Amino acid sequence: MKTLFLPLDERPCNAWFPKMLENDNLQLITPDSSILGDKKKPGDTAQIASFLKEHCRECDNAVIAVDTLLYGGLIPSRLHHTSAEVLLERLKTLKDIRNLNPKLKLYTFQCIMRCPSYNSGEEEPDYYEDYGLSIFRSEYLRDKKEREGLSEAEQAELESLKVPKEITEDYAGRRNINLAMNLQTLKLLMEGVIDFHVIPQDDSSPFGYTAIDQKKVLNYLHENHLETRTMVYPGADEVGMSLITRAWNEYQGRKPEIYPYYASVLGPTIIPLYEDRPMYESLKAHIMVTGAKLCRNAENADYILAINCPGKVMMESFAKQKDVSYSSFRHLPTFVSMIEEDIEEGRKVIVCDSAFANGGDLELIRFLDEKGLLDRIYAYAGWNTNCNTLGTVLSVGQISDTIPVENIIYRIIEDVFYQADVRLKVIENDLVEMGLGYYDFKDRQDEVEQRIGAYLLERYNTLSISRKYPIAKIHVTMPWRRMFEIGMQIDWA
């Protein structure tokens, strides 16, 4: 299968991770990084359109991030001053590639513009540094007042919020244009230009700008009976992989059955950090979007999905003190024994590590390593949000014909050792020592990257699996010049 793939942006999670799915029967045709963006700098939309039209004839299907096609990337979608007329012309590229290759199956995804509830201009317009929270709260309270009414304190807060008129007009105007593009894309779905569409939820507030836009989009879906051809659920950076997996399953004419179980009895009901619904509800959507289905029993399943979850409440992976419910409401040794038993009985096990937000579970990795199971599972992930992790493991697990040991080791090093351990140590120690900041490496980024690579290799070498799969060096890059995420190249010994 040959898939034309346009990622959401240039970060490793969007541009590199999907490439790890490639095998002898799956090839991704992706744009050169030179035409993609660089954080707030948009990609070259003209060259992106040309790339899609040039390669669509040779492909069986396409997975396209509409935000990249229209705005040049996810962050640029929140910053642009492009007219609706120009954006409509760019959107026509989807019709063009359909006409150029009528047999092409077209899978797309497009975000509803988020509205963060904090002051930071790092991924938003510069004025969000000073007015971000006020922008969020003012529309949140206005929307709540209209729908439910406000308390005296909330009314007083609303009256106290002051956002300059020109800022409100700029922000609301861009949102209106982006919403119009969301609806235009759905129109293409209705017309049959697009075969399947995903709308990831990057913001789940019950009131305010994003809630208003989401309601309009959902109403359009319902009115036009598009619910079976589109899905709306929490996530974003994993959607490209999920749709590649759907394309793979449909191309192969298969519908894998997946049986899940959780590390704790409350696991299915826990609402993860940064999400708006219980873990089990998100699970349903993430399995379905890949073209698979839930299985009612382990015996008939093609894959076992072992979900490491909190006992009662979710914390950040780098928290220095775990909530007691991680042990009192969860028995991790039993969970690992269940994984071992499934493997011994010949089942393909996928491990979704969602016990914490923003990083994997060090204790889980230690247990799996001690039992010699890390190179016997079919996928592992534990990064960022629960839904980021779900989409990743479900994709790698379903597409892998054999156990992808190098992919699993990569994810352990990045998701667990970096996110849950090394990142905080570098922030608290090395950056302080070097006089640098989380977003400010000055002219010493190479040195920071080298230190991180050395620390990660040191941590990996504490695992038993490191003696079976030795690594000579880990090369680290920091694509957006910040500590949040890294890219890696591993030199195997």
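Colleague: Where is Val265 found?
Modeller: Val265 is in the loop between strand E7 (257–262) and helix H10 (279–289). Helices (H or I, at least four residues) and strands (E, at least two) are DSSP runs, numbered from the N terminus. This is a predicted model, in which local features need pLDDT of at least 70 and side-chain atom pairs count only at pLDDT 80 or more, while totals for chains, interfaces and linings use all residues. Residues are numbered from 1 along each chain as its sequence is written, and side-chain values use heavy atoms, with hydrogens and water left out.

Colleague: Why is Val265 called exposed?
Modeller: Its relative accessible area is 72%. Exposed means over 50%, buried under 20%, and partly exposed in between (1.4 Å probe, protein chains only). So Val265 counts as exposed.

Colleague: Which residues make the nonpolar surface patch of about 270 Å²?
Modeller: Val265, Leu266 and Phe329 make that patch. A patch takes residues with over 30% relative accessible area and no salt bridge; nonpolar side chains (Val, Leu, Ile, Met, Phe, Trp, Tyr) are joined within 5 Å, like charges within 9 Å. A salt bridge is a side-chain nitrogen of Lys or Arg within 4 Å of a carboxyl oxygen of Asp or Glu. Areas come from the Shrake-Rupley method with a 1.4 Å probe; for residues, only the protein chains shown count as cover.

Colleague: What is the phi of Tyr274?
Modeller: It is near 70 degrees, a positive value in a residue other than glycine. Tyr274 is also in the loop between E7 and H10.

Colleague: Is Tyr274 buried or exposed, and how do you know?
Modeller: Exposed, because its relative accessibility is 53%.

Colleague: And what about the phi of Asn358?
Modeller: Positive as well, about 60 degrees, although Asn358 is not a glycine. Asn358 sits in the loop between strand E12 (356–357) and helix H13 (362–370). Its relative accessibility is 9%, so Asn358 counts as buried.

Colleague: What is the order of the open sheet of five strands?
Modeller: E8-E7-E9-E11-E13, with parallel pairing. Two strands pair if DSSP finds at least two bridges between them.

Colleague: What makes E8 and E13 edge strands?
Modeller: Strand E8 (293–294) and strand E13 (379–381) each have a single partner strand, so one side of each has no neighbour in the sheet.

Colleague: How many bridges join E7 to E8?
Modeller: Two, and these strands run parallel. Glu257 stands opposite Lys293 in E8.

Colleague: What makes strand E3 mostly covered?
Modeller: Five of the five residues in E3 (residues 61–65) are buried. In a regular strand the side chains alternate between the two faces of the sheet. In E3, Asn61, Val63 and Ala65 are on one side, Ala62 and Ile64 on the other, and all are buried.

Colleague: Which strands are joined to E3 by bridges?
Modeller: Strand E1 (residues 2–6) is joined to E3 by four bridges. Strand E4 (residues 105–109) is joined to E3 by five. Both pairings run parallel. Leu6 stands opposite Ile64 in E3, and Asn61 stands opposite Lys105 in E4.

Colleague: How many aromatic pairs does the structure hold?
Modeller: It holds 10. One of them, Phe17 and Trp383, is edge-to-face: 5.7 Å centre to centre, 85 degrees between the planes. Rings of Phe, Tyr and Trp (its six-membered ring) pair if their centres lie within 6.5 Å; planes under 30 degrees apart are stacked, over 60 edge-to-face, the rest tilted.

Colleague: What parts does the pair of Phe17 and Trp383 tie together?
Modeller: Phe17 lies in the loop between helix H1 (12–16) and strand E2 (27–29), Trp383 in the loop between E13 and helix H14 (386–399), so the pair ties together parts 366 residues apart in sequence. Both residues are buried.

Colleague: Why is the pair of Tyr261 and Phe335 called edge-to-face?
Modeller: The ring centres are 6.1 Å apart and the planes stand at 80 degrees, so the pair is edge-to-face. Tyr261 is in strand E7 and Phe335 in helix H12 (residues 332–344), 74 residues apart. Tyr261 is buried at 9% relative accessible area, and Phe335 is buried at 1%.
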